[in-house]
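Thank you all for coming; I would like to take a few minutes to walk through one model with you. Please have the sequence and the structure in view while I talk.

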Amino acid sequence: ENRPARRTSSPPMIKSITIVSYRRGGVLFSRFYTPDLATLEAQALWLSDLRDATMPEWSLLADDGPEQVAKFGAVSVMYKLIGDVVVIFAGTVEHDALLLLELARAFEEAMRKVCRARGNASVEKRLVQSYSDLCLVVDEMIDQGFIDHLDPKLIQLGVRMNLKK
């Protein structure tokens, strides 16, 4: 099983996950895991700062490669273009970019398998139409800020089991 060990006394590895519309810049999904993001005001400020810090580089996602990594204060940020959305993973500095990259690639594969839409829908439309499935994918992958699963097949199985409950 591809499951990193969790230490309950340590701070969460993942600070937040955010999915933003590439064209419009609007937030489609966000999940926060650290105590400093417990209030709506803190979340709104974080999302604004995160988008402002990464958005100027979004054009690189299409031109130079599939992912970009940056340091944002005391946070490692990895962002990836998936179709017409940008997925932004923010983690604590002591967790390197390779772990965030693994998380992003597993997320993309699991999301494409689980979040489906009729016809030839854009990724943005697919995520909006299957929002509850998106939430389950994220919940299977990250538990209270700790990476739980990185195997897309296990994530897909976990989502199916949750849907049958």
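Why can we say that helix H5 (residues 131–141) is largely enclosed by the rest of the structure? Before I answer, please keep in mind that this is a predicted model, in which local features need pLDDT of at least 70 and side-chain atom pairs count only at pLDDT 80 or more, while totals for chains, interfaces and linings use all residues. Residues are numbered from 1 along each chain as its sequence is written, and side-chain values use heavy atoms, with hydrogens and water left out.

As for H5, 8 of its 11 residues are buried, so the helix is largely enclosed; buried means under 20% relative accessible area, with a 1.4 Å probe and protein chains only. The buried residues of H5 include Asp133 and Glu140, along with Cys135 and Met141. Helices here are DSSP runs of H or I with at least four residues, and strands are runs of E with at least two, numbered from the N terminus.

Turning to helix H1 (residues 40–54), we find glutamine 43 there, and it counts as buried because its relative accessibility is 17%. Leaving aside residues up to four places away in sequence, glutamine 43 touches Phe32, Leu37 and Ala38, where contact means heavy atoms within 4.5 Å.

Finally, strand S1 (residues 14–21) has 8 of its 8 residues buried. S1 runs antiparallel to strand S5 (residues 85–92), joined by 7 bridges, and serine 21 has valine 85 as its bridge partner in S5. S1 is also antiparallel to strand S2 (residues 27–32), with 5 bridges, and valine 20 stands opposite valine 27 in S2; strands pair if DSSP finds at least two bridges between them.

Technical notes:
Buried means under 20% relative accessible area, exposed over 50%, partly exposed in between (1.4 Å probe, protein chains only).
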